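Welcome! Take a look at the sequence and the structure, then read on.

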Amino acid sequence: MSTLFSLDGRLSVCAGLVRQGARLADVGTDHAYLPVWLAKNGVISSAVASDVREKPLASGAENIERYDCADIVSTRLCNGLDGISANEADDIVMAGMGGELICDIIGRAPWLKDPEKRLILQPMTKAHTLRQYLSENGFELLSETPCAHGGKSYTVIHAAYTGNAFTPSMPFCYIGKLENDGSLARDYMQNILSKLVKKRRGVSLGGGDTTPYDEVIAEIKNRFGVDIHDDR
């Protein structure tokens, strides 16, 4: 059997949030690195590694065989969670995809509205859209952890259903539960700040109200101690 690999920064954070003994669903598994690593380290009791594409799923199946964990990890060709049932997963990981796609997958799986389930979400884009969707649909953000991959910074959102739906503020949509606890968080918020400044400039040039952007930009600067040159 091959020597076990190490997980990258994004998947390491996701792995750290999976509960001991959990049944895992890894959506968009690609090479099945996460479920294989969790299986070999004795964290999970079972896993479904799913992907909508045949080629990446075949690569995942090869890794499952290579690391001798077919008794724990199985593959599933399906779109999101469409082919996975509630009794197959306690902890659900969706990593490496856009925030809007994650929203769509969650919306098609009503069985996720169970307080015992845990969502571990790593959006590559549109994290603010995902935070808004979760809040408006009764999912609580339990925590957020910054991570890095390929020279870029991201966040991993840990969430669970409570039924307490609310309309989040704009600062919450862009900051969520992230804390100013290190350089990764500041790097992530620096990137968000840069994007917001550009959005505000576009609104201003169009004659629109920039007040909501002003508020969230000010909060990011105050909470994370980051700044950016802004020619208004």
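A pocket, as the word is used here, is an open set of grid points where a 1.4 Å probe fits, with protein on both sides within 12 Å along at least five of seven lines. Its volume is the space filled by probe spheres set on the points. With that in mind, the second largest pocket of this predicted model has a volume of about 350 Å³. The briefing below covers the pockets, the sheet, the aromatic rings and a few single residues.

**The second largest pocket**

- This pocket is lined by 18 residues, and Met124, Thr125, Asn191, Ile192 and Lys195 are the closest to its centre.
- Three elements each supply at least two residues of the lining: the helix α5 (127–136), the strand β7 (152–161) and the helix α7 (183–205).
- Which element gives the most to this lining? That is α7, with six residues.
- By residue type, the lining divides into eight nonpolar, five polar and five charged residues.

**The largest pocket**

- The largest pocket has a volume of about 410 Å³.
- Its lining is made of 23 residues, and those nearest the centre are Val27, Gly28, Thr29, Asp30 and Ala95.
- Two or more lining residues come from each of α1 (9–17), β1 (22–27), α2 (33–40), β2 (44–51), β4 (91–97) and α4 (99–107).
- The largest share of this lining belongs to β4, which gives three residues.
- Here the lining divides into ten nonpolar, seven polar and six charged residues.

**The sheet**

- Seven strands form an open sheet with mixed pairing, in the order β3-β2-β1-β4-β5-β7-β6.
- Why is one side of β3 and of β6 left without a neighbour in the sheet? Both β3 (73–77) and β6 (139–149) stand at the edges and each has a single partner strand, so there is no neighbour on one side.
- From one strand to the next, the twist averages 20°.
- β6 and β7, by contrast, pair in the antiparallel sense over ten bridges, and Glu144 stands opposite Ile157 in β7.
- Two strands are well covered. In β5 (residues 118–123), five of the six residues are buried, so this strand is largely enclosed by the rest of the structure. In β2, six of the eight residues are buried, and the strand is mostly covered.

**Aromatic rings**

- How many aromatic pairs does the structure hold? There are four.
- In one of them, the rings of Phe166 and Phe172 have centres 6.0 Å apart and planes at 65°. Planes over 60 degrees apart count as edge-to-face, so that is the label for this pair.
- Phe166 is partly exposed, with a relative accessible area of 39%.
- Phe5, Tyr33 and Tyr67 form one aromatic cluster.

**Some single residues**

- Asp8 is found in the segment before α1 and is partly exposed, at a relative accessible area of 25%.
- Ala185 has its place in helix α7. Is Ala185 buried or exposed? Its relative accessible area is 1%, and Ala185 is buried. From Ala185 to Ile157, 28 residues apart along the chain, the C-alpha atoms are separated by 13 Å.
- Trp111 sits in the loop between α4 and β5. Its relative accessible area is 18%, and buried means under 20%, so Trp111 counts as buried. Between Trp111 and Gly16 the C-alpha to C-alpha distance is 24 Å, with the two residues 95 apart in sequence.

Methods:
Residues numbered from 1 in each chain as written. Predicted model: local features only at pLDDT ≥ 70, side-chain atom pairs only at ≥ 80, totals over all residues. Heavy atoms only, no water. 1 Å grid on protein atoms, 1.4 Å probe; cavity = no way out; pocket = protein on both sides within 12 Å on 5 of 7 lines; lining within 4 Å. Helix = DSSP H or I, 4+ residues; strand = E, 2+ residues; numbered from the N terminus. Nonpolar A, V, L, I, M, F, W, Y, C, P; charged D, E, K, R; others polar. Phe/Tyr/Trp six-rings, centres within 6.5 Å; stacked < 30°, edge-to-face > 60°. Buried < 20%, exposed > 50% of the residue type's maximum accessible area, 1.4 Å probe, protein only. Pairing = 2+ DSSP bridges. Axes fitted to C-alpha atoms, helices over the stretch in contact; angles between N-to-C directions.
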